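Please look through the sequence and the structure before reading on.

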Amino acid sequence: MNATAITNEMIEAPAPRKSGAGADRAFEWITAGAAWFVLLLLAGIALSMAWGGRLAFETFGWRFITSSDWDAVNGKFGALVPIYGTLATSAIALIIAVPISIGIALFLTDIAPRWTRGPIAIAIELLAAIPSIIYGMWGLFVFAPFMATHVEPWLADHLGNKALVGPLFSGPPIGIGMLTAGIVLGIMVVPFIAAVAREVFSAVPPPLRESAIALGATRWEVLRSVTLPYTRSAVIGAIFLGLGRALGETMAVTFVLGNAHDLSLSLLMPSNSIAAAIANEFTEADTDLYRSSLIALGFLLFVVTLIVLTIAKLLLMRVNRQMGRTS
Amino acid sequence: MAIPARRRAADITAFVFATLATALGLIFLFWILWMTLRQGAAALRPSLFMQMTPPPGASGGILNALYGSAMMILVAVVIGTPIGVAAGTYLAEHGRHTRVAKVASFINDILLSAPSIVIGLFVYELVVRSAGHFSGYAGALALGIILLPIIVRTTEESLRLIPDTLREAGFALGLPRWRVTRQIIYKAAMSAILTGILLGVARIAGETAPLLFTALNNQFWSADLNAPLANLPVVIFQYAMSPYDEWHSLAWAGAFVLTAFVLILNILVRLLARKGRK
Amino acid sequence: MNKIFLALPAAALLVACGSQSGNQGGNAAGGTSGTQVTGAGSTFVYPALSAWATDYRNQTGTAVNYQSIGSGGGISQVEAGTVDFGATDQPLASDELAKNNLAQFPVIVGGIVAVVNVPGIDAGKLKLTGPILADIYQGKIKNWNDPAIVKINPGVNLPGSAIATVHRSDGSGTTFNFTHYLAQVSPTWKAGPGEGKTVNWVGGVGGKGNEGVANYVKQLPNAIGYVEYAYVVQNKMSYALLQNAAGQFVVPSADSFAAAASTADWKNAKDYNLVMTNAPGANAYPIAATTFILLPKAPKDKAKSDAVIAFFKYALEKGQDQAKKLDYVPLPSDLVGQIESYISQNVK
C-alpha cells in the first residue's frame, strides 16, 4: 500500500461489489422463489384435489362421470347431475351474456355520445365488482319471485306444449331452477366479456374502419365485416374467460339453483352444480368415500376451468402480440 | 346515394339491439344496487355495529362478523402482499425473458380466475384436517391464496410500465440491482401496487365459498384466529338462507355494508389511478 | 415506502396479540371471560341449543359456539375431531359409536311438521296422512286438488296448482326421522327412497338445514316441506295436521310430542339408540324425534370436554323452560339422572 493521494475515484467509488452482488443474488433468489411459489401453488392445488379424489375415482372409475346416482346412504356417487347442471347453467349464461356484451361494446365504441362513454363503461364494470353473494341474495329474494310470477308461467303456458322446446319448459314455475340460475350467472359474466370486447373494438385501426365506411358500409356492416373478424381471437378469448368464471361460481348459483340431485331436461326445474354441491355437502360428508367424491368433483371442476382459462389466455395473448404488447 | 332498405334495416336493428343491451345491463345493475340499498338501508341501525350475531328470534348486530372479516382480510394481506410483490418483481425485472417467468405469469393468470371453492377445499385438506379444527387462520390463508395472483398481476403490470430509462439511470449511478428495484422502482410504482392491494381486498372481502369450511362461523364475539371465526359473507349466507325475518334484515344490512365497502374501494382505486396518471 | 414495510409486521403483531387476549377480551354480550367450545350438527335442535347457549354465556361466561350444519355434519365433524361435540337426530348404532369412541345421549324431544305455503290455507286447516305425504314426495300426487287430498279435506278450497316439494339438500337427522316415518306408513316409500339422512328424492328443491327448507317454503308458491316445529312457530308458518297411528288428526304441539315421547322405552335402548316415529296413542303426534349429543369418550382437551358436559347438565336440568317456550319437550328427570351417570361413567 503506497501513500498515494486520495483520488476522486476512491471517494465516488460505490459500495464494495461483493456485498452488492451477494445482496443482489439474495434478492433475485427471493423473488424467483416467490414466482416458483405461484407455480407450486397451482400444482399443489391440482395434486391435492387429485389425491383427495383418488378413492372416488378408484371406486367408481368412469361411472363417476356417467352415473346420475348420488346416494350418500348407500355410498354410490355419480357426478352426472352436478356436471350437467354446471354446464347447462354456464351455457345459458353465455347465450345471454355474449350478445349483450357485444351489444354493449358496440354501443360504447360506436353509438354512445363521447361524454357518456366513460360513466357507462364504469357502471358496467361495477357489475363485476359486486360480490357474488349479493347476486345470490338478490336472485333468491327479488329475481326468482319475479321469474315465478311474470316469466316462467308465460314460458310454461306458451312453450311448454310445443313440439321441440316443450320439455325444456315444463314443471311448476317456482322461480328457482336452471333458467334463473343461468340468467343470474349471465349478468355476472357480462362485464368480463364486455370489458375486453370494448377494449379491442376501440383498438381496431382507424384506417380499417374508415376505409369500410368510405366504401359505404353501415355501422352494422362495419361491425360484422371489419371489427368482429379483426377482433375474433380476443372476443372468443373473452368468452372463454367468462365461461371460466361461470363454471366456478358458487354463491350466486347455490341460492337459486335449488340443490336437487335430479337430472331433468326442463330449464324450469331445480338442479345442482359442482360448486353448489360441494358448498352444501362438504362439511357433513361423513364417510371417506363421500368426502372423496366431493373432492373428486372439485378436481373435475378445477381441471375443466384450467383448460377453459388456458384457452382464453392463449387467445388473448395472441391478441396482445397482434397489438404490439410485450406481455 | 341512399342506402338500400334492407341494409338500413339491418343497421337500425343493430343500433336498437346495442342500445337495448346496454340498457339491460344498466337496468340489472341499478336493480341489484337499488334492492340492496333499499333492503339494507331499512335495516341499518347503530346496534348493527355494536351487537353480536343473534340466535334465531332475537335481535342483534353483526359486529363479530365485521371484526372477523377485517382480521382475516388483514392477515390475508400480510400473507399475500410480500409474496405477491416479490413474484411480480421477478416477472417484471429479473426474470423478464426467462421461461420460468413466462410460465409463472401464465399460471398466475389462471389462478386469478380459479374457482374459489376449490381453494377452500385445498386449505381444508392442508390446514383444517391436520390442525384438527377450523380456524380464522385457515380462512385467512384461503383468502390470501385468492389475493396472491391479483397482487402478482398488478405488481408485474405496474413495474413493467416504468420506463427502463429509470432503471438505467440507477445502474449508471452504480447502484446494485436490488437497490435499484427497492429504492427507485418500488417508489415509482407504489401507488399502482397499493391500487392492486385495494382491488384485491375488494375481491376477497366478498368471498364466501372458501370460508365455508375453513373459518366456519361463530355466534359470539371472538378475537381468536385459531378457532372458528365469525365473518360477514358466511353470516350473510346463513341468515339469508334462513326463514327468520330478523335474520333476513340483518343479512340485507350486511349485504349493504359489504357492497358499499367494495364499491367505495373501487371508486378509491379509480381516483388513485387518475391521480397517478397526472 | 419503508413505512409500508414496517406497517405490515406491526399489523401482524396486532392480530397475534388480539388472538392471545381474545378470550379474555371484553364483549358487548356481557359476561365474564371464559372458555369457548365448538359444536356442530342438527338444525332440528338449533333454536333450543342457541337459546341455551346465549343464556349459559350470560350466566357463566362460557361460549358454546354451535354451528347448525345438519346431523350428517355433526357426526362427521365430531368423528374427525374438528369440533368438541356433535348433535344428531339420527342416533348412531353402538358399533359405530365404539368405532369412533363416542358417547351418545339424548337431550331434547321435538316434532317434525309438514309446512305448506298455499294461498288461502291457514295454519292447521289442512289435513294430511302419511301415505299421502309419501305420494306427494314421490311425485305420485302432483297437484293440490288431487282427489286424495280433497277427500280428507272437505270444504277446503284447494287450488289446482302443482305441488312444489322441498326437501333437505344436506345430510339431515330430520330427514331420517321423516323418512323413517314414511317408510313405516307407506310400502311404496319403503321400497323406493327408503329411510336415511339423505335419500334419492324424486324432484323437488333442496334446502340447506331446517332453516333452508323453511325459507324455501316461505318463498316458493304452492310449496310443501318438513321442519321442526320451533321453526313453524318462530316464523308463523302454515302447517298441516297429520293422522297418527290411532287414526286421529293431531295438532302439532308440545303436548302431542310429549304424548309420543312418553311411549319411548329408554331403559332398554343401548347407548340410547331409539327412534320414536309413528308412536301409538290417541294424542301422540306421529313424527316426534329426539336430538342426541355425541361426545368423544377420550377427549383431546379435557378442559373443553368438561365445559361441554357442564353445559349439557345445565341444558338438561335448567334449560327446560327455555325449551318449552319453543315447544320442545324436555326429558323427564329420571331419564336426566340416568344420562348424567352414563356421561360420568363413559367420558373420562
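## Where chain B meets chain A

In this predicted model, the side chains of Asp109(B) and Lys313(A) meet in a salt bridge, with N and O 2.5 Å apart; a salt bridge here is a side-chain nitrogen of Lys or Arg within 4 Å of a carboxyl oxygen of Asp or Glu. The count between chain B and chain A is three salt bridges, and the interface of these two chains also has six residue pairs in polar contact, both residues being at pLDDT 80 or more. A polar contact is a pair of N or O atoms within 3.5 Å, where within protein one must be able to donate a hydrogen and the other to accept it, and where residues adjacent in sequence count only if both atoms are side-chain atoms. Helix α1 of chain B (residues 5–43) gives the largest share of the side of chain B that touches chain A, namely 20 residues. The residues on that side of chain B divide into 56 nonpolar, 15 polar and nine charged, where Ala, Val, Leu, Ile, Met, Phe, Trp, Tyr, Cys and Pro count as nonpolar, Asp, Glu, Lys and Arg as charged, and the others, Gly among them, as polar.

In total, 80 residues of chain B are in contact with 80 residues of chain A, contact meaning heavy atoms within 4.5 Å. The two chains bury about 7300 Å² between them, 81% of it on carbon and sulfur atoms; this buried area is the accessible area (1.4 Å probe) that two parts lose on being put together, summed over both.

## Conventions

Residues are numbered from 1 along each chain as its sequence is written, while chains are lettered from A and ligands numbered from 1 in the order in which they are written. Local features need pLDDT of at least 70, side-chain atom pairs count only at pLDDT 80 or more, and totals for chains, interfaces and linings use all residues, while side-chain values use heavy atoms, with hydrogens and water left out.

## Where chain C meets chain B

Between chain C and chain B, 40 residues of chain C are in contact with 38 residues of chain B, and the two chains bury about 3400 Å² between them, with 61% of it on carbon and sulfur atoms. The count here is one salt bridge, in which the side chains of Asp245(B) and Lys218(C) meet at 3.6 Å, N to O. Several elements of chain C each supply at least two residues of the side that touches chain B, among them α1 (2–21), β1 (36–41) and α9 (209–219); helices (H or I, at least four residues) and strands (E, at least two) are DSSP runs, numbered from the N terminus. Of these elements, α1(C) gives the most, with eight residues, and the residues of this side of chain C divide into 15 nonpolar, 21 polar and four charged.

## Chain C as a whole

Chain C holds 14 helices and eleven strands, and its C-alpha trace spans about 75 × 60 × 35 Å along its principal axes. Of its 348 residues, 60% count as buried, which by definition means under 20% relative accessible area, with exposed being over 50% and partly exposed in between (1.4 Å probe, protein chains only).

## Salt bridges within chains

Over all chains, the count comes to 17 salt bridges. One of the pairs is formed by Arg167(B) and Glu93(B), whose closest N and O atoms are 2.5 Å apart. Arg167(B) lies in helix α6 (residues 164–172) and Glu93(B) in the loop between α2 (63–92) and α3 (99–112) of chain B, so the pair ties together parts that are 74 residues apart in sequence. Both Arg167(B) and Glu93(B) are buried.

In chain C, the side chains of Asp306(C) and Lys302(C) meet in a salt bridge at 3.1 Å, N to O. These two are four residues apart in helix α12 (residues 302–318) of chain C, and are therefore separated by about one helical turn. Asp306(C) is partly exposed, with a relative accessible area of 37%, and Lys302(C) likewise counts as partly exposed, at 44% relative accessibility. Elsewhere, salt bridges that share partners join Lys313(A), Asp109(B), Arg153(B) and Glu157(B) into one network.
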